[in-house]
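Have a look at the model first, then read on.

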There are 2 protein chains.
Amino acid sequence: MLYLIGLGLSDEKDVTVRGLEAIKKSERVYLEAYTSILGVGKERLEAFYEKDIIVADRDMVETESDAILERANEVDVSFLVVGDPFGATTHSDLLLRAEALSIPYVVIHNASVMNAVGAVGLALYNYGQTISIPYFNESWRPDSWLDRIRENLSLDLHTLCLLDIKVKEQSIENLARGRKIYEPPRFMSVPTAIEQLLSLLPPSLNGKDTATATASDPDPSMTDDRSPLTPTPTLSPCLDPSQTLCISLSRIGDPSQTFVSGTLEELSHLDEDAFGGPLHSLVIVGKRFHALERDFARRWAVNKESWDRVAREVYGVRD
Amino acid sequence: MLYLIGLGLSDEKDVTVRGLEAIKKSERVYLEAYTSILGVGKERLEAFYEKDIIVADRDMVETESDAILERANEVDVSFLVVGDPFGATTHSDLLLRAEALSIPYVVIHNASVMNAVGAVGLALYNYGQTISIPYFNESWRPDSWLDRIRENLSLDLHTLCLLDIKVKEQSIENLARGRKIYEPPRFMSVPTAIEQLLSLLPPSLNGKDTATATASDPDPSMTDDRSPLTPTPTLSPCLDPSQTLCISLSRIGDPSQTFVSGTLEELSHLDEDAFGGPLHSLVIVGKRFHALERDFARRWAVNKESWDRVAREVYGVRD
């Protein structure tokens with residue numbers, strides 16, 4: 001049997017009882033180590049499971065899946081994934097390959113940031129598509145994720161932004177020379193994500209120009225057929241840094257988890273340390289935002305007064 | 001300490017090790033029993049935890065939260081929620097009340113259908129807002145959820161539809177007479193959800209009229225600036241029952257979990273039994289649909305030929 005097991009978010013004790021039982025009886029245990037990280041290392045997991053763990057990088061999963069699946073129709077094999085097994089990537093390839101080899105499989109689910117983001121207090125129903133913000137470099141500045149945020153905002157929906165991680169990457173030189181030397185892992189911080197976001201906005205919105213929209217501007221997206229439960233907005237949050245609320249989250253599910261709320265502009269002025277250790281994520285708040293949610297997230301606000309003011313003037317939140 | 005603990009999706013062993021430890025040391029253990037259900041009853045949980053459980057209905061959580069929080073700054077109290085603690089409802093009220101009483105709290109996350117839906121093989125990134133389909137009755141046929149599905153489809157996004165559950169509901173007569181007599185619990189099935197959906201469509205689309213769109217109709221939503229990764233569609237899935245793909249899921253995370261894939265029309269003709277036991281959910285597939293996803297979900301197709309045909313002709317999926 002192949003067990004595809006989610007490890008949850010933080011440490012060795014976030015595995016489920018069902019997942020732990022499967023690991024304990026497995027002959028081989030693999031850990032997928034390229035889409036996310038736990039707050040603890042492989043050694044802590046090995047000590048807790050009393051099992052050796054084979055770290056599976058992207059190469060191994062994509063090109064050596066038959067080694068992972070070897071004899072899995074005779075013995076139990078566990079394939080561990082941080083978060084939920086279907087969170088960052090669906091691992092459909094591995095499962096279809098197992099099926100082709102007549103290997104039965106069981107999926108053991110767990111929390112991932114995709115649902116644990118509920119902890120910042122915004123109803124999960126009001127999130128649109130989740131996006132990933134990739135690292136920019138000199139020659140590559142992909143920006144389609146910004147369109148996805150705008151699509152969500154146009155429907156008044158929140159956006160969970162997952163920030164890039166670079167694990168076991170080679171420099172262009174090492175890659176070209178075929179040297180298996182890897183760069184240190186990098187985890188994008190909230191300030192980097194916001195800096196990249198602001199760099200893509202037109203000059204009038206990225207702080208390089210002083211002519212910004214004011215709260216008295218009419219909202220072109222306002223229509224009359226809104227549900228009565230939706231607060232009447234006075235201005236649409238269009239990623240104007242001073243008028244767009246967001247909430248950062250770091251190490252969600254860990255005792256050291258840290259949330260920070262404020263406008264994009266306020267968060268852009270904070271040191272990286274203010275956001276807690278990696279991994280960081282960022283929620284861009286859409287207009288389906290209610291008084292209780294405002295109050296819940298105000299507890300982490302950089303400036304409680306401006307949090308309430310923007311919620312009222314831009315998002316139309318009423319008590 | 002107040003522990004807000006997700007129980008996951010299926011049975012007593014889906015709790016995390018961290019969650020189980022918290023329950024074991026708690027003086028009182030509450031189970032929130034109105035937004036979802038596990039596949040096992042309270043007795044199984046009590047035997048596994050070796051603890052008595054107090055079932056907390058909506059009334060209790062909303063009006064007697066101080067009883068739940070009593071002395072929680074001196075002893076440990078666990079509040080258990082099926083799925084993730086922030087899945088169906090954020091429980092922000094309870095947490096803000098705890099904070100007002102200077103009671104520290106810890107959230108222990110777990111899987112919920114909001115992320116476990118990844119098991120049907122569609123990338124979680126390509127889901128839009130999640131919706132709930134409520135039971136219709138003679139006098140109440142709310143339909144705003146249909147607009148939400150259309151919003152998602154307009155962005156080519158999938159929709160996870162959660163189906164209504166009615167637990168501890170009173171009949172209007174019993175409510176009027178103040179009699180605390182409750183109706184048997186009801187869990188909406190996929191056929192009921194699809195029947196309600198079809199009843200809201202215009203006659204040309206709900207099967208009451210034979211003039212339906214054909215695959216050769218031009219797609220008005222087609223534009224030229226699509227990302228090269230998005231397949232070129234030939235027809236937009238506009239909830240036409242014969243041209244909209246969907247995937248049902250029941251008892252996700254349980255050994256008895258059942259997935260069925262096909263067009264809305266195909267699923268509408270199946271018996272309720274075909275979908276497995278409650279709880280049911282339904283995914284409406286949007287156009288960000290790829291060949292590997294088609295192959296993954298084909299395994300559960302009512303009719304593999306029409307699954308592939310609609311994927312090709314309506315969704316533009318290419319190999």
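## The unit

β2(A), α2(A) and β3(A) form a right-handed β-α-β unit; right-handed means that, with the strands pointing away from the viewer, the path from the first strand over the helix to the second runs clockwise. Helices (H or I, at least four residues) and strands (E, at least two) are DSSP runs, numbered from the N terminus.

This is a predicted model, where local features need pLDDT of at least 70 and side-chain atom pairs count only at pLDDT 80 or more, while totals for chains, interfaces and linings use all residues. Residues are numbered from 1 along each chain as written, chains are lettered from A, and side-chain values use heavy atoms, with hydrogens and water left out.

## The helix

Helix α2 of chain A covers residues 42-49, and its buried residues are L45(A), E46(A) and Y49(A) (buried is under 20% relative accessible area, exposed over 50%, with a 1.4 Å probe and protein chains only). Seen down the axis, they fall within an arc of 100°, so they line one face of α2(A); the arc is taken from the directions from the helix axis to the C-beta atoms. E43(A) and A47(A) sit exposed on the face turned away from that buried side.

The buried residues of α2(A) pack against α1, β2 and β4 of chain A, contact being heavy atoms within 4.5 Å. After the helix comes E50(A), with a positive phi near 55°.

## The strands

In β2(A), five of five residues are buried. R28(A), Y30(A) and E32(A) point one way, V29(A) and L31(A) the other.

β2(A) runs parallel to β4(A), joined by five bridges, and parallel to β3(A), joined by three; strands pair if DSSP finds at least two bridges between them. V29(A) is partnered with S78(A) in β4(A), and L31(A) with V55(A) in β3(A).
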